[in-house]
Amino acid sequence: MAIKRSSSGNNKKERLPLQRQSKFKTPSSEDSEILLPQEIAEDGEQNEDKIRPEKLADYIGQKDLKGVLTIAIAAAKQRQDPLDHILLYGPPGLGKTTMSLILAAEMGVNCKITAAPALERPRDIIGLLVSLQEGDILFIDEIHRLNRVTEELLYPAMEDKRLDITIGKGQSAKIRSIPLKPFTLIGATTKIGALTSPLRDRFGLIQRLQFYQIDELTEIVKRSAQIFDVTIDQKGAQEIARRSRGTPRITNRLLRRVRDFAQVKGCKTVDQTLACEALDLHNVDRLGLDWTDRLVLSTIIEQFNGGPVGLDAIASATGEDAKTIEEVYEPYLLQIGFINRTHRGRIATEKAQEHLLNVGF
């Protein structure tokens, strides 16, 4: 998939930005990605570049979401209109960016990708919106982090296809309206509650991405293994899927580690035994818990008699940052029922104690 970028308008004369070719790099306040969905990234010719599915039919999982989007795409094509604005929310790694690229490919348009923290100044979002062609998709990741000025510029752009720009100050201030071509805004967020109501209500479709089931992740493992040129059997794929926390991004990361292990050991086929050995080496147990997950659980159980215990006390005892525990480790432990949150603190459940006994932590 060829990747272009558009400058965010760092020219001292405040001219509108021009598109330019470049290699892939992390978006910053000065750069935003423009991804053309019909091509594969030319940042190296490794098979890993093809790991994102390019068609809705090839997208594994999210059955309900695909059903909704299939209808939306068909209806938009029949009317020859752009897609309605879409808000995708859910935990990280479930395919929000991939879905935006697929939608662009299905509609036959370009997709510009940026992140909310990169849109620091009004001219950053103005440059992107003005450069959009009819029907193009603008994808903004972590959209809940938009600053207030940028967010308010989006309101008339989303509803009336125009930009309202204030020129001058005080009594001499004038508002200039710039017409925009019809476009689709796709916002992605892990914290939908952090979005303001005016912004959230302007999206025509608001959809949550769900965690994946074991059978769906198994299919993802087998598909990615073909792309990576790795031979893997059914049980080996299931073992990797079982340890992936319901998240495709983790699935592909673990598959890469298993591939490395098999290559060094000289094994031509990845089976369940080899997958277990490789993932045990990386301290990823059969439920997907890593060393730090188990440390948090064992700290609550052994040092605080199973709880209740406050987050700060857990952080001090484990040496981890409290925010990291709360946002990175705790959600999955809550999801699988290993800890409970109460007004008095965190409590480790019997399931957590049994699991730690079985893995021998």
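Biologist: Which residue does the side chain of Arg341 join in a polar contact?

Modeller: In this predicted model, the side chains of Arg341 and Glu330 are joined by a polar contact of 3.3 Å. Setting aside neighbours within four places in sequence, Arg341 is in contact with Glu326, Glu330, Leu334 and Arg346. Arg341 belongs to strand 13, residues 339-342.

Biologist: What does UniProt place at Arg341 and Arg346?

Modeller: The unreviewed UniProt entry places the feature "binding site" at these two residues. Such annotations may be inferred rather than shown by experiment.

Biologist: Is Arg341 buried, partly exposed or exposed?

Modeller: Buried means under 20% relative accessible area, and exposed means over 50%. Arg341 has a relative accessible area of 46%, so it is partly exposed.

Biologist: Is Arg346 buried or exposed?

Modeller: Arg346 is buried, because its relative accessible area is 10%. Arg346 sits in strand 14, residues 345-348. Not counting residues up to four places away in sequence, Arg346 touches a list of residues that includes Ile300, Gly307, Pro308, Glu326, Glu330 and Arg341.

Biologist: How should I read the backbone, and which bond joins Gly307 and Pro308?

Modeller: Most peptide bonds are trans, and most residues other than glycine have a negative phi. Gly307 and Pro308, however, are joined by a cis peptide bond, with omega about 5°. Pro308 is in the loop between helix 10 (291-303) and helix 11 (311-318).

Biologist: Where does Asn305 lie, and what is its phi?

Modeller: Asn305 lies in the loop between helix 10 and helix 11. Its phi is positive, about 55°, although Asn305 is not a glycine. Asn305 counts as exposed because its relative accessibility is 71%.

Biologist: What is the phi of Asn283, and is this residue buried, partly exposed or exposed?

Modeller: Asn283 has a phi near 60°, a positive value in a residue other than glycine. At 36% relative accessibility, Asn283 is partly exposed. The loop that holds Asn283 runs between helix 9 (272-281) and helix 10.

Definitions and conventions: Residues numbered from 1 in each chain as written. Predicted model: local features only at pLDDT ≥ 70, side-chain atom pairs only at ≥ 80, totals over all residues. Heavy atoms only, no water. Helix = DSSP H or I, 4+ residues; strand = E, 2+ residues; numbered from the N terminus. Buried < 20%, exposed > 50% of the residue type's maximum accessible area, 1.4 Å probe, protein only. Contact = heavy atoms within 4.5 Å. Polar contact = N/O pair within 3.5 Å; in protein donor to acceptor, adjacent residues only side chain to side chain.
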